[in-house]
Amino acid sequence: IQHVFSPQGLSSDARAPGGPPSTTMTARSLWYVGGDACELRDCSVPVVGPGEVLVVATHGAVSRGTESLVLRGGVPPSEHTRMRCPFMEGDFNYPCKYGYCSVGFVAEAGKGAEPLLGRHVFCLFPHQDRYVVRMEAVHALPEGTPPSRAVLTPNLETAVNIVWDSKLSVGDRLAVVGAGVVGCLVAYVASRVADVSVLLVDVDASRSALAERLGVRFRLAEQLTAEDADRDVVVHCSGSTAGCATALSLAGDEAAVVEASWFGDKQVSLPLGEAFHSRRLKLVSSQVGQLPVERRPRWSYARRIQVALRLAADPLLDVLIAPADIAFEDLPKALPEVCSAGAALCRRILYPVPELPPTPPRPNDLGQPRLARMKIALNTQA
């Protein structure tokens, strides 16, 4: 039985005598084009080769903080190289294809990648409905982590790295300033450390409900008291100058304040006078693009992603995903609106394919050693 993946947009050319079918596929991807605008463009997907997989996207998510900067042209020229994400095309001067949250299933696997066939996977790929990558670029979802929640993986990976950079330890008193998705996930991850007391701070009273669901204390920034200060560790995630000042005010003597917000091309004013030096406060930057130096001998990016994927198995984290999903076809209109809003929740993207892949095919008996293929139903029955 010959198994051929044939969704809409895939056409098969004439087969050479004795050889595999020659196929081409058209995919659609989101591109930032300048002027606070983006659009969907057609692109060609190459034939799957040895060690490669074809991924059909089912879910994605908007990374509001970073993608807001990309949308408005706020990535400084000095950071154009460092801020490139895997599989990005174009550059930050526009147009560019940018994004790093794609969840889907492997619809076709090249030689050596057959065990991934039919598996749900996560990939740091831009917003695109199907694509071919090396098998090492995808990460199989662990049992218990649904594709719909795996979209939190990049933010969970960031939260794990922030906690590592903070040097948080058993029994510490932690304050997290900024109850967006990353801030809430830092609070969630930190609260799993034994006897750690977590205080989540924000200027929006409605976010107290998120803190309650996550099992941590909440305080409005304007209602902070002396009893809320003297923290062993403070993490700043609000992306605002006022939030930076609040974070410094909550730190105890000799404590570390971890700056997890990235301001792009914005200048930030910090209160580094008064008692900043006499209290010997420490400002620590955290960026997910690098592993903490003490972990590099043993940890890889793949190992860190697997930690994030396992954490995403917790149904409690559904509280951080907005109930209204964005259809991929509507993304060019919706993304600027999402980036301009102050919403705390993750905005998930849905692609127009079934969430669950079919049962993987039986071994191919028609002499195609390079590719393992499968046939799925989209609008027609396989």
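Author: Let us begin with pairing: two strands are said to pair if DSSP finds at least two bridges between them. Please bear in mind that this is a predicted model.

Reader: In which sense do β4 and β7 pair, and over how many bridges?

Author: In general, strands of a sheet pair through backbone hydrogen bonds, either parallel or antiparallel. Here strand β4 (residues 52-62) and β7 pair in the antiparallel sense, over seven bridges. Within that region, Leu54 has Glu108 of β7 as its bridge partner. Strand β7 is also joined by four bridges to strand β8 (residues 120-123), and these two run antiparallel. Phe105 stands opposite His120 in β8.

Reader: How many residues of β7 are buried?

Author: A residue counts as buried when its relative accessible area is under 20%. In β7 (residues 102-110), nine of the nine residues are buried. For the chain, buried residues make up 52% of its 382 residues.

Reader: What is the order of the strands in the open sheet of six strands?

Author: The order is β13-β12-β11-β14-β15-β16, and the pairing is parallel. At the edges are β13 (217-220) and β16 (282-285), each of which pairs on one side only. Neighbouring strands of this sheet are turned by 20 degrees against each other on average, direction ignored. Val234 stands opposite Val257 in β15.

Reader: Which strands does helix α2 touch?

Author: Helix α2 (residues 153-166) packs on the sheet and touches β14, β15 and β16. The direction of α2 makes about 150 degrees with that of β15. Helix α3 (residues 181-191) lies across β11 (173-177), β12 (197-202) and β14, and runs at about 170 degrees to β12.

Reader: Why is Val189 classed as buried?

Author: Val189, which lies in helix α3, is classed as buried because its relative accessible area is 13%, and the cut-off for buried is under 20%. Leaving aside neighbours within four places in sequence, Val189 is in contact with Leu156, Ala159, Val163 and Leu311. Val189 and Ile162 are 27 residues apart in sequence and 9.8 Å apart in space, C-alpha to C-alpha.

Reader: Which residues of helix α1 are buried?

Author: As a general idea, an α-helix has 3.6 residues a turn, so residues three or four places apart point the same way. In α1 (residues 64-72), the buried residues include Thr66, Glu67, Ser68, Leu69, Val70 and Leu71. Just after α1, Gly73 takes a positive phi of about 75 degrees.

Reader: Which residues make the nonpolar surface patch?

Author: The patch, of about 270 Å², is made by Val268, Leu270, Leu272 and Leu283. Leu270 lies in the loop between β15 and β16. Leu270 is classed as partly exposed because its relative accessible area is 31%, and that class lies between the cut-offs of 20% and 50%. The accessible surface of the chain comes to about 17300 Å², of which 52% belongs to carbon and sulfur atoms.

Reader: How many helices and strands has the chain?

Author: The chain has seven helices and 19 strands. Among its contacts between residues at least 6 apart in sequence, 68% join residues at least 24 apart.

How values were computed
Residues are numbered from 1 along each chain as its sequence is written. This is a predicted model: local features need pLDDT of at least 70, side-chain atom pairs count only at pLDDT 80 or more; totals for chains, interfaces and linings use all residues. Side-chain values use heavy atoms; hydrogens and water are left out. Axes are lines fitted to C-alpha atoms, for helices over the stretch in contact, and angles run from 0 to 180 degrees between N-to-C directions. Contact means heavy atoms within 4.5 Å. Buried means under 20% relative accessible area, exposed over 50%, partly exposed in between (1.4 Å probe, protein chains only). Accessible areas come from the Shrake-Rupley method with a 1.4 Å probe; for residues, only the protein chains shown count as cover. Patches are made of residues with over 30% relative accessible area and no salt bridge: like charges are joined within 9 Å, nonpolar side chains (Val, Leu, Ile, Met, Phe, Trp, Tyr) within 5 Å. A salt bridge is a side-chain nitrogen of Lys or Arg within 4 Å of a carboxyl oxygen of Asp or Glu.
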